[in-house]
Amino acid sequence: MTTTSAAAPRPETAAVPREKESGATLNVFSHAFLVLWVVLAAGPLIWVALTAFRPSADILSDPTGWPTSFHWENFTNAWNKANIGQYTVNSLIILAGSLTGTMLLGSMAAYVLARFTFPGNRLVFLLFVGGMTFPVILALVPLFAVMENFGLLDTRPGLMIAYIAYSLPFTTFFLTSFFRTLPTGVQEAAMVDGASHTRTFFQIMMPMAKPGLVSIGIFNFLGQWNQYLLPLLLNNEDEKTYVLPQGLASLAVSQGYRGDWGALFAGLTIAMLPVLVVYAVFQRQVQAGLTAGALK
C-alpha cells in the first residue's frame with residue numbers, strides 16, 4: 001500500500017510574504033517622504049508665524065528661537081505704521097475686479113470653444129495655449145507702452161486689465177477641458193425648451209461646472225494675490241496705491257534699516273492668512289474640480 005506524499009507549497013503562497021514585505025517597505029518610504037514634504041512646506045510658514053510674535057532683539061540674537069512672550073504690537077505696527085492695512089485693502093479691491101473678470105471671460109470663452117463648432121475654433125484654442133507659453137517678462141516693455149497710450153498707468157482699472165490678460169490663457173485652457181466633460185443631454189434639453197444660449201450658460205452649465213470654476217478660481221486668486229512684477233511696472237507712482245506684495249517689499253527695505261524685524265514678519269503673516277483661509281474653506285471643491293475631469 002502506497003502513501004501519498006504531502007503536496008509541495010505553491011509558488012504563489014510562498015511569494016505572498018515577499019509581496020507583503022515589499023509593500024510594507026514601500027509604505028515606510030512613502031510615509032517618510034510625505035513627512036519630509038510636510039516639514040519642508042509647513043516649516044517656513046510656522047517659523048514666520050512664530051517669529052511675528054517675537055521682539056526684534058530676540059530675532060537678531062536667536063533667529064530660530066521660540067517666542068518667550070507674545071508681542072501683539074508687531075501686528076499693530078505692521079498694520080498701521082507700515083500701512084499693511086492700506087496695502088491689503090488695495091489688493092482686495094484689485095482682486096475683486098480682476099478675479100471676477102478673469103472667471104467671467106474665461107468661462108464664457110471656454111464654454112464656446114468646448115461646446116460649439118465653428119471655423120477657427122481650433123486656432124483660437126491654440127492661441128490661448130500659446131499665451132500660456134509666452135513669458136510675461138518679454139511683454140513688459142510693450143505692455144507699459146500700451147498702458148501709457150491708453151492712460152491706464154497707475155490706475156486700478158489698468159492693473160485689473162493686466163491681471164485678467166495674465167490669467168486668461170490658463171483659465172480658458174483649464175475650463176475648456178472641463179466643459180467638454182459635461183453631459184450634452186442637459187444642454188440640448190434646455191435648448192429644446194426654448195432657453196437662450198445665455199440662459200443655458202449661466203443657469204445650467206455654470207452650476208454644473210462649479211467644481212472646475214472653484215479650482216481655477218483658487219489658482220487665479222493665489223497668482224493674482226501674490227503678483228509683484230505687474231504692479232511694480234504699472235502701479236509704481238504713489239505708495240498709497242501699492243498692492244500687498246509691493247508693500248511687503250517696501251516694508252522689507254524700510255524695516256530692515258530700522259531694525260523692526262517683528263513688524264516685517266507680522267506683515268508676512270498677515271499676507272499669508274487670506275491664502276490659507278481661502279484654501280482651507282474650498283479645499284474639498286479644489287480636489288473635486290481637479291479630479292472631476294479624470295473621473296468622467
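The discussion below concerns a predicted model.

Student: Why is the pair Phe53 and Phe70 called edge-to-face?

Tutor: The ring centres of Phe53 and Phe70 are 5.2 Å apart, and rings pair if their centres lie within 6.5 Å. Their planes stand at 80°, and over 60 degrees counts as edge-to-face; the pair is therefore edge-to-face.

Student: What does this pair tie together?

Tutor: Phe53 lies in the loop between helix H1 (11–51) and helix H2 (56–61), and Phe70 in the loop between H2 and helix H3 (73–81), so the pair ties together parts that are 17 residues apart in sequence.

Student: How do you know whether Phe53 is buried or exposed?

Tutor: The relative accessibility of Phe53 is 14%. Buried means under 20%, so Phe53 counts as buried.

Student: What makes the pair of Tyr87 and Tyr242 tilted?

Tutor: The centres of these two rings are 6.3 Å apart, with the planes at 35°. Stacked requires under 30 degrees and edge-to-face over 60, with the rest counted as tilted, so the Tyr87 and Tyr242 pair is tilted. Tyr87 lies in helix H4 (residues 84–115) and Tyr242 in the loop between helix H11 (229–234) and helix H12 (244–258), so parts that are 155 residues apart in sequence are tied together.

Student: Why is Tyr87 called buried?

Tutor: Its relative accessible area is 2%, and the cut-off for buried is under 20%; Tyr87 is therefore buried. Tyr242, with 14%, is buried as well.

Student: How do you know that the charged end of Arg180 sits over the ring of Phe125?

Tutor: The charged end of Arg180 is 5.2 Å from the centre of the Phe125 ring. The rule asks for a distance within 6 Å and a position within 35 degrees of the ring normal. Arg180 is listed as sitting over the ring.

Student: Why is Leu138 called exposed?

Tutor: Its relative accessibility is 55%, and exposed means over 50%; Leu138 therefore counts as exposed. Leu138 is one of the residues making a nonpolar surface patch of about 720 Å².

How values were computed. Residues are numbered from 1 along each chain as its sequence is written. This is a predicted model: local features need pLDDT of at least 70, side-chain atom pairs count only at pLDDT 80 or more; totals for chains, interfaces and linings use all residues. Side-chain values use heavy atoms; hydrogens and water are left out. Patches are made of residues with over 30% relative accessible area and no salt bridge: like charges are joined within 9 Å, nonpolar side chains (Val, Leu, Ile, Met, Phe, Trp, Tyr) within 5 Å. Accessible areas come from the Shrake-Rupley method with a 1.4 Å probe; for residues, only the protein chains shown count as cover. A salt bridge is a side-chain nitrogen of Lys or Arg within 4 Å of a carboxyl oxygen of Asp or Glu. Buried means under 20% relative accessible area, exposed over 50%, partly exposed in between (1.4 Å probe, protein chains only). Rings of Phe, Tyr and Trp (its six-membered ring) pair if their centres lie within 6.5 Å; planes under 30 degrees apart count as stacked, over 60 as edge-to-face and the rest as tilted. Helices (H or I, at least four residues) and strands (E, at least two) are DSSP runs, numbered from the N terminus.
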